[in-house]
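Trainee: I have a model open on my screen and I'd like to learn how to read it. Could you walk me through it piece by piece?

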Amino acid sequence: MAYPMRLFTFLSCLLLSSEPPTSSPSPPPPEPTRFANSRLLDSLLRADSRLLPVVERAAEYELQIIYTQINRDAQNAPHFVQHDFRLDARQYFNPASLVKLPTVALSLEKLNQLHVEGLTRRTPMATGTAHSCQTAAPYVVSPDSDKVNTVGNYIKRMLLVSDNQAYNRLYEFLGQGLLNQRLQQLGYRNARIVRRFAPCDTAGNRYTNPISFRDAQTSQIVYQQSAAVNRQFLSAPLGRVTKGRAYQAGGRIIQQPYDFTTANYLPLEDITNILRAILFPEATPANQRFQLTPTDYAFLRYYLHQTPHDSGYSLYQSSRYFDAYKKYLYYGRSPKAVAQPGLHIYNVVGMSHGYLADVAYFADSTRHTEFLLSAVLYVNKDGVINDGNYEYESVGLPFLAALGQQIQQYEAKRSRTYPAKLDEWFQKDVIK
């Protein structure tokens with residue numbers, strides 16, 4: 001298969017080291033302190049009666065939690081102290097939409113690495129088809145810029161309401177091979193992002209679509225990317241993985257476990273570190289840092305914390321997209337949730353096959369607190385996968401809401417040597 005020369009240039013660029021300039025080296029950021037099976041976190045969980053029904057059956061619910069304290073020094077630089085509860089990278093869970101966060105970051109990184117004049121996150125794009133299972137997304141001209149297909153708009157749709165089709169478009173823009181190669185380079189050895197959110201088989205997901213970008217004024221092609229296929233076999237990091245006692249397919253219940261072996265996988269610690277790298281790049285080692293511009297980082301931060309209505313994004317102004325639509329920790333995804341004054345939550349969520357996850361950074365201008373909190377649990381009492389009968393509303397979401405509230409209450413009382421200066425997190429700038 002022929003590949004454009006620009007794509008080879010991009011591949012070469014990705015292989016280059018991202019070491020800081022030798023003329024003015026800066027000391028590497030300190031490694032986070034980690035407390036595995038933290039007594040502090042265990043005591044906080046058991047101190048809240050709302051959490052006990054899940055915590056006391058944590059193995060059944062496959063519960064994993066990471067609570068990261070952030071302590072600022074005299075220069076306001078962050079230092080991280082990680083407290084784990086049952087964290088285990090070998091314990092498979094379906095990451096669902098958690099895979100969208102590395103996908104959006106790597107899409108912006110790829111735009112930077114291509115170095116094509118006129119190619120930005122706002123450049124209109126069209127996605128074609130070249131293989132079975134693929135779908136098209138045409139070049140769109142619209143007076144409403146939110147309705148134009150662009151990398152930026154796909155990112156907004158993913159971060160604001162976790163849009164699956166937008167994810168598919170950027171998975172195809174990156175290509176399965178480059179996406180996973182870059183994850184490995186960044187140190188995420190167990191991560192695998194190998195599937196669209198579409199009914200494609202394992203082979204079909206290795207093929208990605210032809211894509212073109214056009215100048216918004218002249219409609220002239222700015223950049224073209226040929227259809228591609230990843231011919232490198234990506235092994236399953238955990239070996240064969242099956243879940244449940246049965247699964248539903250084609251309207252029938254199949255009496256055998258569901259096979260997740262070739263599904264996406266993103267360990268909870270990996271996605272937590274990816275969020276931290278996006279929010280705190282200066283505190284991330286250079287070889288683990290995304291190659292993004294300050295504007296890229298500001299763009300991601302803005303849409304990670306915005307709610308559908310407050311974002312001003314025209315597609316999500318209806319009542320269907322309530323403010324807590326994608327805020328599980330603290331608000332429990334309740335349409336009736338009242339926003340806590342001064343609280344900003346920067347997060348990504350997952351909900352699929354009975355798994356429920358939220359990975360978040362909390363910044364509170366009223367209480368002057370900040371912390372990272374990640375959690376995943378499995379709520380599938382009948383053990384049947386794909387039957388739509390999960391305890392999201394009765395168990396999972398109430399647990400995550402109570403967990404966020406409990407940690408927030410503890411953080412409000414926790415003493416700090418230096419108060420956190422969080423003004424940068426509460427700027428009112430609108431980023432398009």
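This is a predicted model: local features need pLDDT of at least 70, side-chain atom pairs count only at pLDDT 80 or more; totals for chains, interfaces and linings use all residues.

Trainee: Fine. Which domains does the assignment give for the chain?

Mentor: The assignment gives domain 1, made of 34-88 plus 322-426, and domain 2, covering 95-265. Their C-alpha centres sit 28 Å apart. The contact draws 20 residues from domain 1 and 20 residues from domain 2.

Trainee: How much area is buried between domain 1 and domain 2?

Mentor: General idea to begin with: interface size is often quoted as the accessible area lost when the parts come together. Here, about 1,400 Å² is buried between domain 1 and domain 2, and carbon and sulfur atoms give 64% of that. On the domain 1 side, Lys326, Val348 and Ile385 lose the most area to domain 2, together 32% of what that side buries.

Trainee: What about polar links across that interface? How many residue pairs are in polar contact between the domains?

Mentor: Eight residue pairs are in polar contact between domain 1 and domain 2. As for which elements do the touching, strands S13 (343-352), S14 (355-364) and S16 (384-385) each supply at least two residues of the domain 1 side. The largest share of that side, five residues, comes from S13.

Trainee: And how many salt bridges cross between domain 1 and domain 2?

Mentor: The rule finds one salt bridge across that interface. The general idea is that side chains of opposite charge can pair when their charged atoms come close. Separately, have a look at glutamate 62 and lysine 243, whose side chains meet in a salt bridge at 3.3 Å, N to O.

Trainee: How many salt bridges does the structure hold?

Mentor: The structure holds 12 salt bridges. Take aspartate 84 and arginine 34, whose side chains meet at 2.3 Å, N to O. That pair links distant parts of the chain, with aspartate 84 in strand S3 (residues 78-85) and arginine 34 in strand S1 (residues 33-35), 50 residues apart.

Trainee: Is aspartate 84 buried or exposed?

Mentor: Aspartate 84 counts as buried because its relative accessibility is 1%, under the 20% cut-off.

Trainee: Arg196, noted. What does the side chain of asparagine 205 reach?

Mentor: The side chain of asparagine 205 reaches the backbone nitrogen of arginine 196 at 3.1 Å. Asparagine 205 is in the loop between helix H7 (176-185) and strand S5 (207-208). Asparagine 205 is buried, at 0% relative accessibility. Leaving out residues up to four places away in sequence, asparagine 205 touches Tyr171, Gln176, Val194, Arg195, Arg196 and Cys200.

Trainee: Now strands. In what sense do S6 and S7 pair?

Mentor: A general point: in a regular strand, side chains alternate between the two faces of the sheet. In this model, S6 (residues 211-214) and S7 (residues 221-225) pair in the antiparallel sense over four bridges. Phenylalanine 213 has tyrosine 223 in S7 as its bridge partner. S6 and S7 form a hairpin with six residues between them, and serine 219 in the turn has a positive phi of about 65°.

Trainee: Last one: where is phenylalanine 399?

Mentor: Phenylalanine 399 is in helix H10 (residues 392-413). Phenylalanine 399 is buried, with a relative accessible area of 2%. Setting aside neighbours within four places in sequence, phenylalanine 399 is in contact with Leu51, Val54, Val55, Leu63, Ile65 and Leu377.

How values were computed: Residues are numbered from 1 along each chain as its sequence is written. Side-chain values use heavy atoms; hydrogens and water are left out. Two strands pair if DSSP finds at least two bridges between them. Buried means under 20% relative accessible area, exposed over 50%, partly exposed in between (1.4 Å probe, protein chains only). A polar contact is a pair of N or O atoms within 3.5 Å; within protein, one must be able to donate a hydrogen and the other to accept it, and residues adjacent in sequence count only if both atoms are side-chain atoms. Contact means heavy atoms within 4.5 Å. Domain bounds come from an automatic or database domain assignment. Buried area is the accessible area (1.4 Å probe) that two parts lose on being put together, summed over both. A salt bridge is a side-chain nitrogen of Lys or Arg within 4 Å of a carboxyl oxygen of Asp or Glu.
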